[in-house]
Protein chains: 2
Amino acid sequence: MCDPPRFIIIPPMPNFRLILSYDGTEFHGWQTQPDLRTVQETLESALGAVTRVSPIRVNASGRTDTGVHAIGQVVNTRIETRLDAATLMRAVNANLPEDVVVRSSEVVDDAFDANRHAVRKLYRYVIHDGDVPDLFQRHYAHHSRYRLDAGAMARSARILVGTHDFLCFETEGPNRATSVRTITHLAVNRFGPWIWLDVEADGFLYNMVRAIAGTLMNVGRGFWPEGYTESILASGDRSVAGPTAPAKGLFLMRVVYES
Amino acid sequence: MCDPPRFIIIPPMPNFRLILSYDGTEFHGWQTQPDLRTVQETLESALGAVTRVSPIRVNASGRTDTGVHAIGQVVNTRIETRLDAATLMRAVNANLPEDVVVRSSEVVDDAFDANRHAVRKLYRYVIHDGDVPDLFQRHYAHHSRYRLDAGAMARSARILVGTHDFLCFETEGPNRATSVRTITHLAVNRFGPWIWLDVEADGFLYNMVRAIAGTLMNVGRGFWPEGYTESILASGDRSVAGPTAPAKGLFLMRVVYES
């Protein structure tokens, strides 16, 4: 009753790099967990359905938490398939639910690793501070009940740019070797009632962007002075910084690799 | 066991005009129906909770169908309350779910009737024809698998402007006295992968905007020549026109009243 022995010629397994967008609202984050709907499991199932290869494992630039969205999450995966990259993308998209989409697909160098080779990531946090919330964006922005001074937030944010120990912005640190990271870009902009916070860094601690957003909102509403971020940073104490802003305003925008 | 007779001084009942936005995705349209979630019932419940007056009935400019959104639906309602218009709005918004919001509230002339006094309405139909659907707008736009020629759609639409019998764009005509309506404005515009169709008229037949959108999309993808709308209009036959485009792309933008 066992399978007969077969001589198998293993074909070369192309290494696909996929860029995907997803609406995090109805996902329990990126990483596969038993009995929960996750982006990773959803993508792996769609790839398996298309290629009839199972199980397929994908390797992402990093996890995203429950409710966090992505515009440009990057994954790589080696799949035994004769499909070219464009055909694979179309077929996978036809098998994905409407809250995930593969935006780009290419076969890359076999050594490419979406996780280990990521050098920087850009996250965006979106806030709306109009009197009336924009209900069509309710899953994609945090509505602030307070009118915010975006200029004060931008000035306050400048202190954080560069290499610092960001322990004060880490929730429940999972014993990482170090909480030192380098923020290469941090900007706060306003257009009408919309304020968005772009943070690019070589790595992020758990909930770091959301803690920065919550802290800068406290500055923006006038609760804290602009320079207070300096004391927060120096404290190394999460309880001194602002609250963790809700996940729904957060987007993983893009992942930067060495070219 | 009956209520004792009481001397009641009936206070003046202010006539409130409310402008509201809603995301139609999870509503079975505007009009109250047994056991279904509707915008009317949701608004009336919130008004009842705030004013402790029950039942409250609101009078809208018109119904919207299941899945259709509104940016500027207008209602009027007479309520026995001492709350001023702004306070009423804030209190109602605190009692509304996050997919409906009152954007404006004022006390108007007692004679104002949101339904009977509406002279024109503007609807917008939103289409996305990019290669990759915008998943963050998936409930608020129709994704066309075909690339559309918005210029051809705009030229084809011009034929419809003015006073015509629009029977060809009416689904299951509910025996209205007449299917003659006047379209005062019809524009098709593109920005990137977004195409939007604005239709302003003195009244709309059932599914009229969605039938016009489906028809113009057939022109836009090159399936029909630009001038074909003239034959469709002349036919008075719904089966000759294009399909009814999905509800999720349709927004009631504003209602115009005689000032």
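In this predicted model, B:Asn207 is a buried residue, because 20 other C-beta atoms lie within 10 Å of its own and 20 or more is what burial requires. B:Asn207 sits in the loop between strand 9 (194–201) and helix 4 of chain B, and although B:Asn207 is not a glycine, its phi is positive, at about 65°. A second residue with a positive phi is A:Arg52, which is likewise not a glycine and has a value of about 60°. A:Arg52 belongs to the loop between helix 1 (39–51) and strand 2 (59–60) of chain A, and A:Arg52 counts as exposed because it has 8 C-beta neighbours inside 10 Å, where 12 or fewer is the limit for exposure. The two residues are set out in the table.

| Residue | Phi | C-beta atoms within 10 Å |
|---|---|---|
| B:Asn207 | about 65° | 20 |
| A:Arg52 | about 60° | 8 |

**Nonpolar cores**

The largest nonpolar core has 66 residues, and the members that touch the most others are B:Leu20, B:Val209, B:Ile212 and B:Leu216. Helix 4 of chain B, which spans residues 208–220, is the element that gives the most to this core, contributing eight residues. The core takes at least three residues from domain 1 (15–108) of chain B and at least three from domain 2 (119–257) of chain B. If residues up to four places away in sequence are left out, B:Leu20 touches B:Leu43, B:Ala70, B:Gln73, B:Val75, B:Val100, B:Val101, B:Val102 and B:Arg103. Another core, of 65 residues, lies apart from this one, and its members include A:Ala141, A:Leu160, A:Ala211 and A:Trp224.

**Domains of chain A**

The domain assignment divides chain A into domain 1 (15–108) and domain 2 (118–257). The C-alpha centres of domain 1 and domain 2 of chain A are 27 Å apart, and contact between them involves 14 residues of domain 1 and twelve residues of domain 2 of chain A. On the side of domain 1 of chain A that touches domain 2 of chain A, the residues comprise four nonpolar, nine polar and one charged.

**Helix 2 of chain A**

Helix 2 of chain A covers residues 85–95, and its buried residues are A:Leu88, A:Met89, A:Val92 and A:Asn93. Seen down the axis of helix 2 of chain A, these buried residues fall within an arc of 130°, and therefore they line one face of the helix. An α-helix has 3.6 residues a turn, so residues three or four places apart point the same way. On the other side of helix 2 of chain A, A:Ala86 and A:Ala94 are exposed, while the cover over its buried residues includes strand 1 (15–22), helix 1 and strand 4 (100–108) of chain A.

**How the two chains meet**

Two copies of a chain are related by a rotation about an axis and a shift along it. Here, chain B is superposed on chain A by a rotation of 180° with 0.0 Å of shift along the axis, at an RMSD of 0.0 Å, which is the relation of a two-fold axis. Within chain B, the C-alpha nearest the axis belongs to B:Gln137 and lies 4.6 Å from it. Twelve residues of chain B are in contact with twelve residues of chain A, and the side of chain B that touches chain A is made up of six nonpolar, one polar and five charged residues. Because 100% of the interface residues of chain B are also interface residues in chain A, the copies meet through the same surface.

Conventions. Residues numbered from 1 in each chain as written. Chains lettered and ligands numbered in written order. Predicted model: local features only at pLDDT ≥ 70, side-chain atom pairs only at ≥ 80, totals over all residues. Core = buried A, V, L, I, M, F, W, Y, C linked by C-beta atoms within 7 Å. Helix = DSSP H or I, 4+ residues; strand = E, 2+ residues; numbered from the N terminus. Domains from an automatic or database assignment. Contact = placed C-beta atoms within 7 Å. Nonpolar A, V, L, I, M, F, W, Y, C, P; charged D, E, K, R; others polar. Least-squares fit on C-alpha atoms with pLDDT ≥ 70 in both. Arc of directions from axis to C-beta.
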